[in-house]
Amino acid sequence: MSYSLLANVVLVIHFLFIVFVVFGGLLVFWKPWLAAVHVPVALYGVLIEWVGWICPLTPLEKRLREKAGQDSYEGGFVEEYLLPLIYPEGFTRNVVIVLGCAVLAINLAIYGFYFLRR
């Protein structure tokens, strides 16, 4: 398997992780036990934003791209459409804090609605 393909796989996993952090709480309506997985993952995602940590998937992907001889992101669907979602322009520290708050608010609303329905 080529380093470029592995980098794309990591990027897709990274994107799916972000989607799970933001909207994974909706899965509790289907399988309530998934809250035991989602809550710690969502809290980790919020902490990454608030504390300024770097997700371990980011350096892994970059290292794989370097090994593939890629200086920057260029190429097919993954690079064209997923990269701007994960690494948007104008991504300042204030934007990151607001995003962390939004993720927390979304998940509190989802879990609040879930518990009110029960």
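Biologist: What makes helix 2 and helix 5 a contact, and which residues meet?

Modeller: Contact means heavy atoms within 4.5 Å. From helix 2, Ala-35, His-38, Val-39, Ala-42, Val-46, Glu-49, Trp-50 and Val-51 take part. They meet Arg-93, Val-96, Ile-97, Leu-99, Gly-100, Cys-101, Val-103, Leu-104, Asn-107 and Tyr-111 of helix 5. By class, this contact has 13 nonpolar, 3 polar and 2 charged residues. Ala, Val, Leu, Ile, Met, Phe, Trp, Tyr, Cys and Pro count as nonpolar, Asp, Glu, Lys and Arg as charged, and the others, Gly among them, as polar.

Biologist: What is the model, and how are residues counted?

Modeller: It is a predicted model: local features need pLDDT of at least 70, side-chain atom pairs count only at pLDDT 80 or more, and totals for chains, interfaces and linings use all residues. Residues are numbered from 1 along each chain as its sequence is written, and side-chain values use heavy atoms, with hydrogens and water left out.

Biologist: Why are helix 2 and helix 5 called roughly antiparallel?

Modeller: Helix 2 (residues 35-51) and helix 5 (residues 93-117) pack at about 160°, with axes 8 Å apart. Angles under 35 degrees count as roughly parallel, over 145 as roughly antiparallel, 65 to 115 as roughly perpendicular and the rest as oblique. Helix 2 and helix 5 are therefore roughly antiparallel. Their crossing is left-handed (the near helix is turned anticlockwise from the far one by less than a right angle).

Biologist: Why are helix 1 and helix 5 called oblique?

Modeller: Their axes come within 8 Å and cross at roughly 55°. Helix 1 and helix 5 are therefore oblique. Val-21, Val-22 and Phe-23 of helix 1 touch Val-103, Ile-106, Asn-107 and Ile-110 of helix 5.

Biologist: What is the volume of the largest pocket, and what lines it?

Modeller: The volume is about 800 Å³. The lining has 29 residues, with Ile-18, Glu-49, Ile-86, Phe-91 and Leu-99 nearest the centre. Helix 1 (3-23), helix 2, helix 3 (57-67), helix 4 (77-86) and helix 5 each supply at least two lining residues. Helix 1 gives the largest share, 8 residues.

Biologist: How does the lining of the largest pocket divide by class?

Modeller: It has 22 nonpolar, 4 polar and 3 charged residues.

Terms used: Axes fitted to C-alpha atoms, helices over the stretch in contact; angles between N-to-C directions. Helix = DSSP H or I, 4+ residues; strand = E, 2+ residues; numbered from the N terminus. 1 Å grid on protein atoms, 1.4 Å probe; cavity = no way out; pocket = protein on both sides within 12 Å on 5 of 7 lines; lining within 4 Å. Points joined across faces, edges and corners; volume = space filled by probe spheres on them.
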